[in-house]
Amino acid sequence: MEKSKTKHVAPAITALAYTLLVPFLFACSSQRAAIKQEVAVDPTHKVVVIVLDGARYSETFGDSTRQHIPYLSALASQGTLFTSFYNDGLTQTMAGHSTLLTGHYDVVDNGGYDSLQRPGIMQLYQRQTGAPATATVMLATKGKLRSFAGCGSEVQVEEHALALCGESIDHDVMLVQKTESILSTHAPSVSYISFSQPDYAGHDGIWEGYIDALKLSDSLAVALYHRLRRQPAYQDALFVFTNDHGRHLGERWADHGDDCAGCRHIMLLAIGGGMPADVIVQERFSMAQLMPTLSKYLGLSLAVGYQPLITHFPSATLPSQ
Ligand SMILES: [Zn+2]
Ligand SMILES: [Zn+2]
């Protein structure tokens, strides 16, 4: 039911959005130089978002022993860990990533056929700074996520994130290598990296395989963190570890997609960039609050309609623009 509804609604919304936005986008393009002078973006402020697709909270920071994520657990003392962070929208992959990128809970086809229905943080960054596509990067082992980076779209080519559109990244091990290579070459200000193995293994329904995949992602994500942190451009960068969704509780753990606590509860760990170290925050925050929070950290201007910033981030203390 939900899927067929999405397929009918999404094109209409997209067409309407293009009708409304195209004149505005052309205007933006011609005014880039002027806009660039107005936005107080510090180019040394860099954000790296690392997503572990479909890792359930009860196997990550929700497990008091943190036995399946030893590397992230060790890293947590260097940053701020939010223990009540939730996906309050559709707990599917494309919808979850859409919310992380746009700060809104939109209905998005889960097959990877829809572009973002409103500007993501990467597009905002490029529009407001005039930076090239290499200033933002999106890399993922789930190929369908490339539609959010602009792959396959003919609209606003210059605002696409740098992504390997014609090339698949077959495994999370390769994702680490590609990410390190691209970031060391271009030093993008906004990087969005998504590991897929926990979700793939989860859908296989073999518990040991899911746990092994989670452990692998834990080691790879933190290895990537340390490799990037050693680069001068990322010594003071803000790193964020999170999920697009969790998984069902109980015997249905192999799948996800409803409003159970297992699907909604996700991780949020933020390190560097002025984040307090060794802090655990129990206050509840929603996934849609992350994008505006990171946007403010970067110095971007936000239109009305976004949820409040997540407190405890440096950006939360900035005056509103
Ligand atoms: Zn997912
Ligand atoms: Zn569920």
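## Val 41 and its contacts

In this predicted model, Val 41 touches Gln 128, Thr 129, Leu 298, Gly 299 and Leu 300, leaving aside residues up to four places away in sequence. Val 41 sits in the loop between helix H2 (32–38) and strand S1. Along the chain, Val 41 and Gln 128 are 87 residues apart, yet their C-alpha atoms are separated by 8.8 Å.

Is Val 41 buried or partly exposed? A residue needs 20 or more other C-beta atoms within 10 Å to be buried. Val 41 has 18 C-beta neighbours inside 10 Å, so Val 41 counts as partly exposed.

Two of the residues that Val 41 touches, Gln 128 and Thr 129, are among the buried residues of helix H5. Another, Leu 298, is one of the buried residues of helix H10. Gly 299, also touched by Val 41, follows H10 and has a positive phi, near 95°.

## Helices H5 and H10

Helix H5 covers residues 121–129 and helix H10 covers residues 290–298. Their axes come within 10 Å and cross at roughly 25°. An angle under 35 degrees counts as roughly parallel, and H5 and H10 are therefore roughly parallel to each other. The crossing of H5 past H10 is right-handed.

Which residues of H5 and H10 meet? From H5 they are Ile 121, Leu 124 and Tyr 125, and from H10 they are Met 291, Leu 294, Ser 295 and Leu 298. Sorted by class, this contact has 6 nonpolar residues, 1 polar residue and no charged residues. The spacing of such positions can be read against a general rule. An α-helix has 3.6 residues a turn, so residues three or four places apart point the same way.

## Burial of the two helices

In H5, 9 of the 9 residues are buried, so H5 is largely enclosed by the rest of the structure. They are Ile 121, Met 122, Gln 123, Leu 124, Tyr 125, Gln 126, Arg 127, Gln 128 and Thr 129. Just after H5 comes Gly 130, which takes a positive phi of about 75°.

H10 is also largely enclosed by the rest of the structure, because 9 of its 9 residues are buried. The buried residues of H10 include Lys 296 and Tyr 297. What covers them includes strand S1 (47–52), helix H4 (93–102), H5 and strand S5 (238–242).

## Helix H8 and its partners

Helix H8 (residues 207–229) packs with helix H7 (residues 197–204) at an angle of about 180°, and the two axes are 8 Å apart. H7 and H8 are therefore roughly antiparallel to each other. On the H7 side the contact is made by Gln 197, Pro 198, Tyr 200, Ala 201, Gly 202 and Asp 204, and on the H8 side by Gly 209, Tyr 210, Ala 213, Leu 214, Leu 216 and Ser 217. By class there are 7 nonpolar, 4 polar and 1 charged residues.

H8 also meets helix H6, with axes that come within 10 Å and cross at roughly 15°. That angle makes H6 roughly parallel to H8. The crossing of H6 and H8 is right-handed. H6 contributes Asp 172, Val 173, Val 176, Thr 179, Glu 180 and Leu 183, while H8 contributes Leu 216, Ser 217, Leu 220, Ala 223, Leu 224, Arg 227 and Leu 228. The classes here are 8 nonpolar, 2 polar and 3 charged. Leu 216 and Ser 217 of H8 take part in the contact with H7 and in the contact with H6.

Most residues other than glycine have a negative phi. Ala 187 has a positive phi, near 45°. Ala 187 lies in the loop between H6 (172–186) and strand S4 (190–195). Ala 187 counts as partly exposed, because 19 C-beta neighbours lie inside 10 Å.

His 312 has a positive phi too, near 85°, and belongs to the segment after H10. With 17 other C-beta atoms within 10 Å, His 312 is partly exposed.

## The whole chain and its confidence

The chain has 10 helices and 8 strands. Of its 321 residues, 47% are buried. Among contacts with a separation of 6 or more, 71% join residues 24 or more positions apart.

The average pLDDT of the chain is 86, and 83% of the residues score at least 70. Over residues 1–38 pLDDT stays under 50, and the model has 16 contacts beyond four places in sequence for them. Where pLDDT is low, the predicted coordinates should not be read in detail.

Methods: Residues are numbered from 1 along each chain as its sequence is written. Chains are lettered from A and ligands numbered from 1 in the order in which they are written. This is a predicted model: local features need pLDDT of at least 70, side-chain atom pairs count only at pLDDT 80 or more; totals for chains, interfaces and linings use all residues. Axes are lines fitted to C-alpha atoms, for helices over the stretch in contact, and angles run from 0 to 180 degrees between N-to-C directions. Helices (H or I, at least four residues) and strands (E, at least two) are DSSP runs, numbered from the N terminus. Angles under 35 degrees count as roughly parallel, over 145 as roughly antiparallel, 65 to 115 as roughly perpendicular and the rest as oblique. A crossing is left-handed if the near helix is turned anticlockwise from the far one by less than a right angle, and right-handed if clockwise. Two residues are in contact if their C-beta atoms, placed from the backbone, lie within 7 Å. Ala, Val, Leu, Ile, Met, Phe, Trp, Tyr, Cys and Pro count as nonpolar, Asp, Glu, Lys and Arg as charged, and the others, Gly among them, as polar. pLDDT is the predictor's confidence in each residue, from 0 to 100. A residue is buried if 20 or more other C-beta atoms lie within 10 Å of its own, exposed if 12 or fewer, and partly exposed in between; C-beta atoms are placed from the backbone.
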